[in-house]
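Q: Hey, I've just opened this one and I'm new to it. Can you walk me through it?

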Amino acid sequence: MTDLLATTGIDIADSPHYLRALTDMADQRAVVAGAAIYTDNGIKLVDKGARIDSRLYDRLVQHKLREPIDRHLSIDNPVDVPALVAAAQALTEQEVLPNMLADALGSAARLLAPVRALPLPASMACKLTVMRDQRPQLFKHSLQMMAVALFLGIKSGLSERDCSTLAAAALLHDLGVLHMDPAWDDPYNKVVGVQRKHLVAHPISAMLMIRDTQAYPRSAE
């Protein structure tokens with residue numbers, strides 16, 4: 001993992017862009033540290049039970065954290081599995097392609113059944129909550145890719161367990177984008193230099209974040 005991180009040049013644990021999105025989100029909903037947050041050399045930055053918000057950004061971004069910040073956060077109204085199913089259900093009702101896929105299988109319930117068995121550890125739930133709240137188009141895109149992948153998996157005769165793994169891979173494939181400068185998506189911004197490197201490497205970043213949870217099969221990576 002260390003070699004791959006060195007190759008990408010991206011620190012997935014505490015990128016400034018992800019910290020900014022997370023702390024900005026925490027201004028709008030309750031986010032509490034479930035455990036103290038330490039730097040990699042043992043300095044305590046945030047007490048257990050402390051409220052996270054944008055006022056902490058400058059302190060957090062100046063240090064390399066001992067572990068990913070989202071590993072021990074308690075979030076009000078997070079993207080958990082029921083919320084994920086509800087959001088995907090809404091997508092099948094509102095968007096043409098997911099609606100067509102659900103109709104082709106007979107119902108949205110059949111299309112989305114494997115999602116109910118999808119592992120969603122705290123760090124992944126936090127990332128998806130940040131994506132939903134701060135990058136809604138990226139969240140919508142990820143849900144749509146999950147629906148497409150599930151349709152293909154079900155039509156190919158994969159087991160529900162394998163479809164659940166497929167759903168995880170599709171849903172989480174763009175996690176690396178959360179660690180990029182949002183300016184990359186501006187049509188008037190030319191992506192060059194470090195930004196270009198991060199854009200090319202973002203699938204590797206997502207793979208590393210999935211691996212780091214130790215909650216998904218290698219095939220999802």
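Q: Which residues touch the most other members of the largest nonpolar core?
A: Ile52, Leu60, Leu111, Met146 and Tyr216 do, out of 64 residues in that core. A nonpolar core here is a set of buried Ala, Val, Leu, Ile, Met, Phe, Trp, Tyr and Cys residues joined through side-chain atoms within 4.5 Å. Buried means under 20% relative accessible area, exposed means over 50%, and partly exposed is in between, with a 1.4 Å probe and protein chains only.

Q: And which helix gives the most to this core?
A: Helix H8, residues 136-155, with nine residues. Helices (H or I, at least four residues) and strands (E, at least two) are DSSP runs, numbered from the N terminus.

Q: Before we go on, what sort of model is it?
A: It's a predicted model, where local features need pLDDT of at least 70 and side-chain atom pairs count only at pLDDT 80 or more, while totals for chains, interfaces and linings use all residues. Residues are numbered from 1 along each chain as its sequence is written, and side-chain values use heavy atoms, with hydrogens and water left out.

Q: Back to Ile52, what is it in contact with?
A: Leaving aside neighbours within four places in sequence, Ile52 is in contact with Leu22, Thr23, Ala26, Val31, Val32, Ala33, Ile37, Val46 and Leu73. Contact means heavy atoms within 4.5 Å.

Q: New topic: at what angle do H2 and H7 pack?
A: About 75°, with the axes of H2 (residues 16-25) and H7 (residues 122-134) 10 Å apart. That makes H2 roughly perpendicular to H7, a label for angles of 65 to 115 degrees; under 35 is roughly parallel, over 145 roughly antiparallel and the rest oblique. The axes are lines fitted to C-alpha atoms, for helices over the stretch in contact, and angles run from 0 to 180 degrees between N-to-C directions.

Q: Which residues meet there?
A: From H2, Tyr18, Ala21, Leu22, Asp24 and Met25; from H7, Cys126, Lys127, Thr129, Val130, Asp133 and Gln134. By class, this contact of H2 with H7 has six nonpolar, two polar and three charged residues. Ala, Val, Leu, Ile, Met, Phe, Trp, Tyr, Cys and Pro count as nonpolar, Asp, Glu, Lys and Arg as charged, and the others, Gly among them, as polar.

Q: How many salt bridges does a search of the whole structure find?
A: It finds 11. A salt bridge is a side-chain nitrogen of Lys or Arg within 4 Å of a carboxyl oxygen of Asp or Glu. Lys127 forms one with Asp70, the closest N and O atoms being 2.7 Å apart. Lys127 is in helix H7 and Asp70 in the loop between H3 (57-61) and E4, so the pair ties together parts 57 residues apart in sequence.

Q: Are Lys127 and Asp70 buried or exposed?
A: Lys127 is buried at 5% relative accessibility, and Asp70 is buried at 1%.

Q: What about Arg55, which residue does it pair with?
A: Asp53, with the closest N and O atoms 2.6 Å apart. Arg55 is exposed at 71%, but Asp53 is buried at 9%. There's also a network of salt bridges linking Arg29, Arg132 and Asp133.

Q: Last one: where is Asn77, and what is its phi?
A: Asn77 is in the loop between strand E4 (73-75) and helix H4 (81-94). Its phi is near 55°, a positive value in a residue other than glycine. Most residues other than glycine have a negative phi.
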